[in-house]
Amino acid sequence: MLKALAATGVLFSLLQTPQPFAWTNPPPPDKIVIDVATVNGSGCPAGTAAVAVAPDNTAFTVTYSNYIAQVGVGAQPTDLRKNCQLNLRVHVPSGFTYAIAEADYRGFGHLEAGASGTERANYYFQGNAPTAYIAHNLNGAFDDDWQFTDTTDIASLIWEPCGQERNFNINTELRVAAGTSNTKTTTSFLSMDSTDGSITTTYHFAWKTCP
């Protein structure tokens with residue numbers, strides 16, 4: 001659904017405030033409500049993922065508190081890959097429909113020299129086939145905040161059918177590969193979690209009115 005026409009990975013400072021994403025059609029004035037139908041995956045155990053809608057209805061955020069992939073000292077063999085599937089009920093005011101126009105992923109990573117990490121995601125409405133994953137890679141040595149953005153143009157957006165409420169699915173995944181790094185003395189990790197709620201993933205709506 002989100003064909004990556006622009007995919008960038010940049011270092012992200014928590015002191016920076018990302019600019020809001022906007023299409024020409026304004027969002028509905030009535031309150032948007034998102035309910036989490038199901039949460040599955042090793043990256044989001046029960047109670048560790050929270051969803052909030054922006055007050056201006058331009059986006060919603062997901063905050064994770066236990067989403068980290070790692071290899072090396074202290075890591076289990078299964079820790080090198082973590083994933084999360086969110087199944088969301090997006091309650092849209094009558095007369096409007098939406099698509100997801102842009103997604104911003106943020107976190108922190110520490111990768112030893114020779115190690116690498118990958119963040120990837122896809123999105124789809126209930127009843128549609130899953131789309132291809134959009135992947136972003138980081139190489140060690142790396143020790144900083146990270147941000148990746150997936151964007152599509154308006155002509156390629158996939159809209160929820162007017163008059164139908166279909167659950168929206170988000171699949172994300174983090175992977176870390178040890179490569180040539182020394183896993184006996186070091187640990188490499190990629191995290192999308194936040195203990196204080198300051199690191200979130202953001203999904204930007206595109207809106208249009210239904211005929």
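Me: What makes E173 and R175 a salt bridge?
Reply: The closest N and O atoms of E173 and R175 are 2.3 Å apart. A salt bridge needs a side-chain nitrogen of Lys or Arg within 4 Å of a carboxyl oxygen of Asp or Glu, so the label holds. Keep in mind that this is a predicted model: local features need pLDDT of at least 70, side-chain atom pairs count only at pLDDT 80 or more, and totals for chains, interfaces and linings use all residues. Residues are numbered from 1 along each chain as its sequence is written, and side-chain values use heavy atoms, with hydrogens and water left out.

Me: Which other residue forms a salt bridge with E173?
Reply: R120 does, with the closest N and O atoms 3.3 Å apart. This pair links distant parts of the chain: E173 sits in strand β11, R120 in strand β8 (residues 116-125), 53 residues apart. Strands here are DSSP runs of E, at least two residues, and helices are runs of H or I, at least four, numbered from the N terminus. R81, R120, E173 and R175 are linked in a network of salt bridges.

Me: Why is E173 called buried?
Reply: Its relative accessible area is 2%. Buried means under 20%, exposed over 50%, and partly exposed in between (1.4 Å probe, protein chains only). So E173 is buried.

Me: And why are R120 and R175 classed as they are?
Reply: R120 has 26% relative accessibility, so it counts as partly exposed. R175 has 37%, so it is partly exposed too.

Me: How many salt bridges does the whole structure hold?
Reply: Five. Among them is D79 with K82, at 3.3 Å from N to O. Both D79 and K82 are buried.

Me: What is the nearest side chain of opposite charge to E160?
Reply: It is R166, 6.7 Å away. Lys and Arg count as positive, Asp and Glu as negative; His and the chain ends are not counted. E160 is buried yet has no salt bridge.

Me: What does the side chain of E160 reach?
Reply: It reaches the backbone nitrogen of R166 at 2.8 Å. E160 is found in the loop between β10 (142-151) and β11 (168-177). Leaving aside neighbours within four places in sequence, E160 is in contact (heavy atoms within 4.5 Å) with residues including V92, Y98 and F125.

Me: What makes C44 and C84 a disulfide?
Reply: Their sulfur atoms are 2.1 Å apart. The cut-off for a pair of cysteine sulfur atoms is within 2.5 Å, so the pair qualifies. C44 lies in the loop between β2 (33-40) and β3 (49-53), and C84 in strand β6 (residues 81-91), so the link ties together parts 40 residues apart in sequence. Both C44 and C84 are buried.

Me: Which hand does each disulfide have, for C44 and C84 and for C162 and C210?
Reply: The link of C44 and C84 has 100° about the S-S bond and is right-handed. For C162 and C210 the torsion is about -90°, so that disulfide is left-handed. C162 lies in the loop between β10 and β11 and C210 in the segment after β13 (201-209), so this pair ties together parts 48 residues apart in sequence.

Me: Why is C162 called partly exposed?
Reply: C162 has 35% relative accessibility, so it counts as partly exposed.

Me: How many helices and strands are in the chain?
Reply: Zero helices and 13 strands.

How values were computed:
Polar contact = N/O pair within 3.5 Å; in protein donor to acceptor, adjacent residues only side chain to side chain.
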